[in-house]
Structures are given as structure tokens and as C-alpha cells.
Amino acid sequence: MHLNKMFPKEIKECIEANTPLVIPGGTVEYHGPHCSYGCDSLVVEGLIEKLALSNNIIIAPSISYSPSSYAVGDKSTGTVHVKEKAFEDYVYYIFKSFLYSGFKNIYVVIHHQFEQESEMPMTLCYRLAAKRATMEYLEETLGQGWWGSESYANYYEQLEGNNNPFNWIKVIPTMSSDVQNKTGYDHAGKYESSILMSLYPECVTKERIDDIDHWFTKSAKEANKELGDEMVSLSLDYLSQTIK
């Protein structure tokens, strides 16, 4: 189900059933001469579309303009970089809107600078915005002092359950550390080119790899659909176990 194509009746039913709302988080970023600019976004979107074939989820519109950084290429390369503070505020309003709509089972899935699930700027922006939105929502709906009230005397007992408000919004990678260790992870090299090739073969053109000499793209000559298919399968297993 795509949120953009849903009606109020269906959304109400999904909220009551606590159906996961999944937000693909990507970038518009230079990935060498052989990969499309939407690589990070496309990897997330392709995996989530496949996940929706077997899992009951709502797919929210993607967030693609983000803090991609100019670490890979400078401003002339076509990368779109949104400053971290502006981005954090932007997704904060998105999260706040979803919480007020009644969604309490939200996942942001990211494929960008997430080697070994590290806490890089874009991930931190999402996570900080999620906590800000949740804290303000709780105070605005339950009142000041909500946590210290007697009605929350069982707060610590419920932290591991579905009623933990700080689990309402979760930010996760497309590929867990375990999945990365089983296959590999890189930027526009053998691994990322392979998974993109599996999901969107038209977005990888290997014959262009040598158009520009980059150390990080040399291994992309070894990219292949079979490896990409394996990465997709492992990622889907992980996402299916995590998004519930």
C-alpha cells in the first residue's frame, strides 16, 4: 500500500491495526560515472517495494533530498546536500504530523553512510528529529509532567513492549551489520553497484566506469546481478524480521 494512494477509511483501519508505516530515506548523490544519482533512494525503494509483496506495510513518500555531504565529490558533481539542521527540522515536522495522525509504528529505512550501522549525520538527524517529535507530542497530548504522573508508574515495565513511545519511530539501515558482513558494503563499488543492478538494472552502466578514474569505483567492474540478488535476498530477510 502506498500512502499517497490511500483514503481516510483505509488509513484509519491501518492505524487501528498498527500497520507499519515505512519511509524510504535516500539521497541525490554522485555515484561515479556508472551509477544513477538516485542510487541510495532507489536501493531503499526497490527493497521496500519487494518487501510489500509479502508484508503488510504502508509505503510513505520517499525523502530523497538530504544531508548527503560533499565527501565523495564537490558541489560541481551534481550532489544535492541539505544542511543537517534544516533537514532535522524538516523531518521533525513530518514525524510530528504522522504522530498526530495516529501512526505509532513508523520506520525510516536508510541506504547512505550506514557502514556497520554507524551514526553518521543523516541518521543522527532522523533519530534526533524522531525523539524531539515524540517528546513534544507526549507533552502536548498528555500535559507537562506526564512521565512523573502516577498513571505512568509502570513506565519501566512497558519499555520493552508496544507501548514504549520511544519505539514509535525507528531508524534502520537497509542492510544490517550482519548482512553487510555476509556480502559487503561500499560506495558505488562492487557491492552497491550489484544491489542496484539487481533492483534497477537500467541504473548501472558498467562500460562507463573508466570514464572517470575513482579509487572507489574500480571494484564496480566486478559487480554482477547474482551478487546483487544475494544482497537483496539477505536484506529482505533482515527487513522482514525487523519491520513488524
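Predicted model: local features only at pLDDT ≥ 70, side-chain atom pairs only at ≥ 80, totals over all residues.
**Entry 1: Ser 235**

Ser 235 has 0% relative accessibility and so counts as buried (under 20% relative accessible area; exposed is over 50%, partly exposed in between; 1.4 Å probe, protein chains only). Ser 235 sits in helix H7; helices (H or I, at least four residues) and strands (E, at least two) are DSSP runs, numbered from the N terminus. Setting aside residues up to four places away in sequence, I found Ser 235 touching Leu 47, Thr 174, Met 175, Val 179 and Ile 195, where contact means heavy atoms within 4.5 Å. I also took the C-alpha separation of Ser 235 and Phe 166: 25 Å, for two residues 69 apart along the chain.

Ground rules I kept: residues are numbered from 1 along each chain as its sequence is written, and side-chain values use heavy atoms, with hydrogens and water left out. Local features need pLDDT of at least 70 and side-chain atom pairs count only at pLDDT 80 or more, while totals for chains, interfaces and linings use all residues.

**Entry 2: H6 against H7**

I then checked how H7 (residues 225-242) packs on H6 (residues 190-199): the angle is about 80° and the axes are 7 Å apart. Axes are lines fitted to C-alpha atoms, for helices over the stretch in contact, and angles run from 0 to 180 degrees between N-to-C directions. H6 and H7 are therefore roughly perpendicular (65 to 115 degrees; under 35 is roughly parallel, over 145 roughly antiparallel, the rest oblique). Ser 235 is one of the H7 residues in this contact, and Ile 195 is among those of H6. I sorted the contact residues into seven nonpolar, four polar and three charged. Here Ala, Val, Leu, Ile, Met, Phe, Trp, Tyr, Cys and Pro count as nonpolar, Asp, Glu, Lys and Arg as charged, and the others, Gly among them, as polar.

**Entry 3: the core**

The largest nonpolar core has 67 residues; such a core is a set of buried Ala, Val, Leu, Ile, Met, Phe, Trp, Tyr and Cys residues joined through side-chain atoms within 4.5 Å. Ile 48, Phe 95, Phe 98, Tyr 126, Leu 239 and Ile 243 touch the most other members. Helix H4 (residues 121-142) gives the largest share, eight residues. For Tyr 126, I listed contacts beyond four places in sequence, including Phe 87, Phe 95 and Val 171.

**Entry 4: the whole chain**

I counted seven helices and four strands, in the order α-β-α-β-α-β-α-β-α-α-α from the N terminus. Of the 244 residues, 51% count as buried. The C-alpha trace spans about 65 × 35 × 35 Å along its principal axes.
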